[in-house]
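Please examine the sequence and the structure shown below. The paragraphs that follow lead through selected helices, a strand residue and the contacts among them.

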Amino acid sequence: MAKKRFALIGTGARSTMYIRALANGTYKDYAELVALCDMNPGRLEYFTKQLKEKYSHEAVPTYSHLEFEKMIAETRPDTVIVTTIDRTHHIYACRAMELGCDVISEKPMTVDPEKCQMIIDTQKRTGKKFTVAFNYRYSPRNTRVKELLDSGICGEITSINFEWLLDTNHGADYFRRWHRDKRNSGGLMVHKSTHHFDLVNWWINSKPKTVYAMGDLKFYGRDNAERRGVTEFYYRSKDRDVALNDPFALSVANERAFFKEFYFENEKYDGYLRDRSVFSDGISIEDNMSVMVRYENNVVMNYTLCAHCPYEGYRICFNGSKGRLEYYVIESGFTQIGEDLSTFGNREDDEARDRKDMAPEILFQPLWGKPQVFTYEETDKSGHGGGDRKLLDNLFIGVTDDPFHHAADFRDGAYSILTGIGANISMATGEAVEVQKLIKL
């Protein structure tokens, strides 16, 4: 069997998972990396060095983003992996399909209805395969929830309560980076919540119908800092004394080598600043959001997201005609009463905390009778609850048996972002949005 050829455009942080997987030999019998493309020559040089020194991988041709079509013509990839900033996904995905390539798109598929329609129309016209990299679907814990719901344990599902918490480490980071500009990311409703909305679509086998939302920037940003009495501000952390005692500041120069070499030393090429203050001007995304969604099967979901919490994780409850399924995940930063906080903020320590003292992760409470606790096997320690490795296996090896429909195509990608896009429109207009009027699928 001939190995599939992969080219990648957009060598930012999200690209590292794909480049590492293609370079480290795990998929050497199935897939090969044939080219890298980016607007920042410094990052291309960084990965060229990594391929040689860390993975003993031969160098691959590198191209400027302006040479995208040249890259495809010269290296003849079967599939193009798109990991650029969200608002440009459609540009490279559509052109790749037009030039005869399949596409793997990092989530979200895109950020607005017009770009989404362009992708859909191009896929239908070319017939090329378009895959969205939803790694959360693949994690054993999320698959276990899918299995339980498909078994009918809850009966007819009537409503869902879904709460997602981003901590002041991970959550704050969206307000430092390019995501802080809603034109780039669609805000957290699209960039982050697309994961969550896709999970719900997949878990309940339905599609969003009507969306109503409220959201605001209540914590981050200069106006909120001033309201709380903060009087000293800075645009970025570097060389700012005021940032030294700010727990929200990210000092790229003093961070681990990756941050320094990958971001700080490459600013000169494109002007991208990785260490902006979360309390500076220029933030146009929300940090607190509440959404109500009605699905085609008449299930109603209440969803909330808060981006400045003391710990990170999520809780989802499915109410049904036979009982209630509750699902808890603590991802980092959770502390017990009386716990020694001397290592708080160390993610390795946070993730190593003993979860058995916390609430059960999957609990079913029937209308009558004793509750049941369900377990799952999670031996894979790759990212996103073990989902990353399974996703990569699917992308680079392929699967013949997919009983839970883990693989997500362009339709799944569209319906996941349409909930967030509808929420953005609702927040702007104060009106409910009929999701399926936004595009034509």
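How many residues does helix α2 have, and how far does the helix reach from its first C-alpha to its last? In this predicted model, helix α2 covers residues 41–53, which makes 13 residues, and spans 18 Å between its first and last C-alpha. That reach is close to the 18 Å expected at 1.5 Å a residue.

The surroundings of α2 may be considered next. Its buried residues are G42, R43, L44, Y46, F47 and L51. The elements that cover these buried residues include the helices α1 (15–23), α12 (257–262) and α13 (267–270), together with the strands β2 (31–38) and β3 (62–64). At the start of α2, a side-chain oxygen of N40 comes to within 2.8 Å of the backbone nitrogen of G42.

Is D38 buried or exposed? With a relative accessible area of 6%, D38 falls under the 20% limit and is therefore classed as buried. The side chain of D38 reaches the backbone nitrogen of N40 at 2.7 Å, and N40 in turn places a side-chain oxygen to within 2.8 Å of the backbone nitrogen of G42. A polar contact of 3.4 Å also joins the side chain of D38 to that of R43, one of the buried residues of α2. When neighbours within four places in sequence are left aside, D38 is in contact with G10, T11, G12, R43, L44, Y63, S64 and H65.

The discussion now turns to pairs of helices. Two packed helices are described by the distance between their axes and by the angle between those axes. For helix α3 (residues 68–75) and helix α4 (residues 89–98), the axes come within 11 Å and cross at roughly 35°. The crossing of α3 past α4 is right-handed. On the α3 side the contact is made by F68, E69 and I72, and on the α4 side by Y92, R95 and A96. Sorted by class, this contact of α3 with α4 comprises four nonpolar and two charged residues, with no polar ones.

A second pair consists of helix α10 (residues 193–204) and helix α16 (residues 410–429), whose axes come within 8 Å and cross at roughly 115°. Here too, α10 passes α16 in a right-handed crossing. Helix α10 contributes T194, F197, D198 and N201 to the contact, while α16 contributes D412, Y415, S416, I417, T419 and G420. By class, the contact of α10 with α16 contains three nonpolar, five polar and two charged residues.

Notes. Residues numbered from 1 in each chain as written. Predicted model: local features only at pLDDT ≥ 70, side-chain atom pairs only at ≥ 80, totals over all residues. Heavy atoms only, no water. Helix = DSSP H or I, 4+ residues; strand = E, 2+ residues; numbered from the N terminus. Expected span 1.5 Å × (residues − 1). Buried < 20%, exposed > 50% of the residue type's maximum accessible area, 1.4 Å probe, protein only. Contact = heavy atoms within 4.5 Å. Polar contact = N/O pair within 3.5 Å; in protein donor to acceptor, adjacent residues only side chain to side chain. Axes fitted to C-alpha atoms, helices over the stretch in contact; angles between N-to-C directions. Left-handed = near helix turned anticlockwise from the far one by under 90°. Nonpolar A, V, L, I, M, F, W, Y, C, P; charged D, E, K, R; others polar.
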